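Here are a few notes to read alongside the model, written for someone meeting it for the first time. Please keep the viewer open and follow the points in order.

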Amino acid sequence: MNIVSWYTTYFEARISGRYITLNHILPILDSYKNSFEISVAGTSELGKNIPLIKIGNGKKRVLGWSQMHGNESTTTKAIFDFLKFIDQKEFFQKEIQAFLNEYTFFIIPILNPDGAKLYTRVNSNKIDLNRDAKDLSQKESKVIRKVFEEIKPDICLNLHDQRSIYGVDTGKSATVSFLAPSADAERSVTASRVTAMEHIVRMNQRLQRLIPKQIGRYDDGFNQNCIGDTFQMLNVPTILFEAGHYENDYNREVTREFIFYAYLELFGITNASEDEIDYKDYFKIPQNEDNFRDLILRNVGLVENGKPVDIVIHFSEVLEKNKIKFHAVIEGKTVNTSLKGHKEIDLKGERILINSHKNIDLGQNVTTIVKESDTSFVIFPLK
C-alpha cells in the first residue's frame with residue numbers, strides 16, 4: 001500500500017470541517033491515552049486545559065503547536081491524521097519505528113482553545129497570540145514559552161491556516177505555504193534558518209509531485225513579537241506551515257491531506273525526495289501574493305468609462321449554530337481587475353440584480369445574484 005492509498009482509506013474521520021474545538025479533540029485524545037503520553041501544558045485565559053501530546057523516544061526533539069489562531073484548524077486535523085498513522089500497526093511499521101526511535105515529537109493540538117470555540121483569530125482577551133511572543137501578556141503565550149524552555153526543542157513547527165486570497169505567480173492558489181522566519185531585521189540567513197530552509201525544500205519537493213506549482217513562500221519580514229521570529233532569534237530552527245485553499249475545498253479537507261504528507265516528509269517517514277537538498281532552493285519557491293478572491297463576475301453590464309465592470313466577491317466565515325457558514329460580500333467593482341477568482345463567471349455585458357436590487361454597494365452581503373433580463377437565471381448561490 002502506498003501512502004496516498006493509506007490516507008484515502010484511513011485518515012482520521014472523527015474530525016472534519018473548519019470548526020474544531022477542544023470538544024472535538026478530547027474524545028480522540030482519550031482514545032490514545034494508552035498509545036501516547038498526553039498531559040496538560042497549562043490553561044487558557046478562560047481556564048480551559050491546553051493538551052500536550054508526546055510521541056516517540058528519540059534524541060531529536062520537535063515541538064509543534066496548532067490553532068494559535070483559534071479559527072485556523074487545518075493543521076490540527078492533519079495532526080490527528082498523523083497520530084492515527086503512527087498508532088496503526090499494519091502498514092509502514094519499519095518507517096514508523098525508525099521515526100519513534102529518532103524523534104520525540106511534542107504537540108500542542110490547540111494552543112488557543114478559547115479562540116477556537118469562538119472561531120476567532122484572537123484569544124478571549126482579543127489578543128493575537130502570534131503578536132505576543134515578546135510581551136507574554138497572555139496565559140496561552142506563557143504556556144508555549146514554558147513548554148519551549150522545558151523541552152529545549154531542536155526544531156519548532158508553527159502550524160497555521162492562510163486565507164483563500166493567497167496565490168503564487170504560477171496563476172494558481174497557494175494551497176500550502178512555508179516560511180523559515182527571519183531572526184533579525186536584515187533577514188540574515190542564520191544557521192537555524194538554513195536548517196529550516198532545508199526541511200522546507202524537502203517538503204516542497206514532495207508536495208510538488210502532488211500539487212505542482214501550488215506551493216508558496218510566506219513573507220519573511222521580521223517581527224520580534226511573532227513567535228517564529230522569536231524562536232529563530234534563539235537559534236532554534238522554526239518552520240511556519242500555512243494551509244491554504246485548494247479548488248472547491250472550503251472545508252480544507254483536501255488541504256489537510258497535503259499537510260499530512262508534509263509532516264511525513266519532514267520526519268523522513270516517506271523519504272519521497274530523491275533530489276539533493278540545497279537550502280538556496282528555498283528562495284526559488286514563489287512568494288505568496290495577494291492575488292485571489294473567491295468569486296469574480298467579469299464584464300457585468302454596469303458601464304464605467306465606457307467599459308463593463310468586474311465585481312469582486314470574497315467569502316467571510318461566520319460561526320452559526322456550531323457550523324461555519326460562508327457569507328458572500330462585495331469587495332470591489334472595477335474595470336478589468338487583475339485579481340483572479342477561485343470561481344469566475346463572464347456575464348458578457350449582462351446586467352445583474354443583487355438581492356433583487358440593481359444597486360451594487362461595497363461591503364454588501366450577497367444572498368442572491370440573478371440576471372436582470374432573466375431572473376430565473378441564478379448566478380449566485382453557486383451550483
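1. **Burial, and how to read the model.** A residue is called buried under 20% relative accessible area, exposed over 50%, and partly exposed in between, using a 1.4 Å probe and protein chains only. By that rule Trp6 is buried, with a relative accessible area of 1%. Please bear in mind that this is a predicted model, in which local features need pLDDT of at least 70 and side-chain atom pairs count only at pLDDT 80 or more, while totals for chains, interfaces and linings use all residues. Residues are numbered from 1 along each chain as its sequence is written, and side-chain values use heavy atoms, leaving out hydrogens and water.

2. **The chain as a whole.** Nine helices and 18 strands make up the secondary structure of the chain; these are DSSP runs numbered from the N terminus, with helices being H or I of at least four residues and strands E of at least two. The radius of gyration is 22 Å, close to the 21 Å of the globule rule for 383 residues, so the chain is as compact as a globular protein of that length. (That radius is taken over C-alpha atoms, and the rule is 2.2 Å times the number of residues to the power 0.38.) Along its principal axes, the C-alpha trace spans about 70 × 45 × 45 Å.

3. Of the 383 residues in the chain, 54% are buried. The accessible surface comes to about 17100 Å², and carbon and sulfur atoms account for 46% of this surface; such areas come from the Shrake-Rupley method with a 1.4 Å probe, and for residues only the protein chains shown count as cover. Contact here means heavy atoms within 4.5 Å. Among contacts between residues at least 6 apart in sequence, 74% join residues at least 24 apart.

4. **Aromatic pairs.** How many aromatic pairs does a search of the whole structure find? The search finds 30, where rings of Phe, Tyr and Trp (its six-membered ring) pair if their centres lie within 6.5 Å, and planes under 30 degrees apart count as stacked, over 60 as edge-to-face and the rest as tilted. Trp6 and Phe85 form an edge-to-face pair, 5.1 Å centre to centre with 85 degrees between the planes. This pair links distant parts of the chain, with Trp6 in helix α1 (residues 3–10) and Phe85 in helix α3 (residues 74–87), 79 residues apart. Phe85 is buried too, at 0% relative accessibility.

5. Phe82 and Phe267 form a tilted pair, 5.7 Å centre to centre with 35 degrees between the planes. Phe82 lies in helix α3 and Phe267 in the loop between α9 (255–266) and β10 (289–290), so this pair ties together parts 185 residues apart in sequence. Phe82 is buried at 1% relative accessible area, and Phe267 is buried at 3%. One aromatic cluster includes Trp6, Phe85, Phe260 and Tyr261 among its members.

6. **The annotated site.** An unreviewed UniProt entry lists residues 6–266 as "domain: Peptidase M14"; UniProt positions follow the numbering used here, feature names are shortened, and annotations may be inferred rather than shown by experiment. The end C-alpha atoms of that span lie 18 Å apart, and the span is 36% helix and 19% strand. The unreviewed entry's "active site" annotation covers Glu242. Glu242 is in strand β9 (residues 238–243) and is buried, with a relative accessible area of 5%. Leaving aside neighbours within four places in sequence, the contacts of Glu242 include His160, Asp161, Thr175 and Tyr218.

7. **Backbone details to check.** Most residues other than glycine have a negative phi, and most peptide bonds are trans. Lys348, which is not a glycine, has a positive phi of about 50 degrees. Lys348 is in the loop between β14 (340–346) and β15 (352–354) and is exposed, with a relative accessible area of 72%. Asn355 also has a positive phi, near 55 degrees, and lies in the loop between β15 and β16 (365–366). The peptide bond from Phe380 to Pro381 is cis, with omega near 10 degrees, and Pro381 is found in the segment after β18 (378–380).
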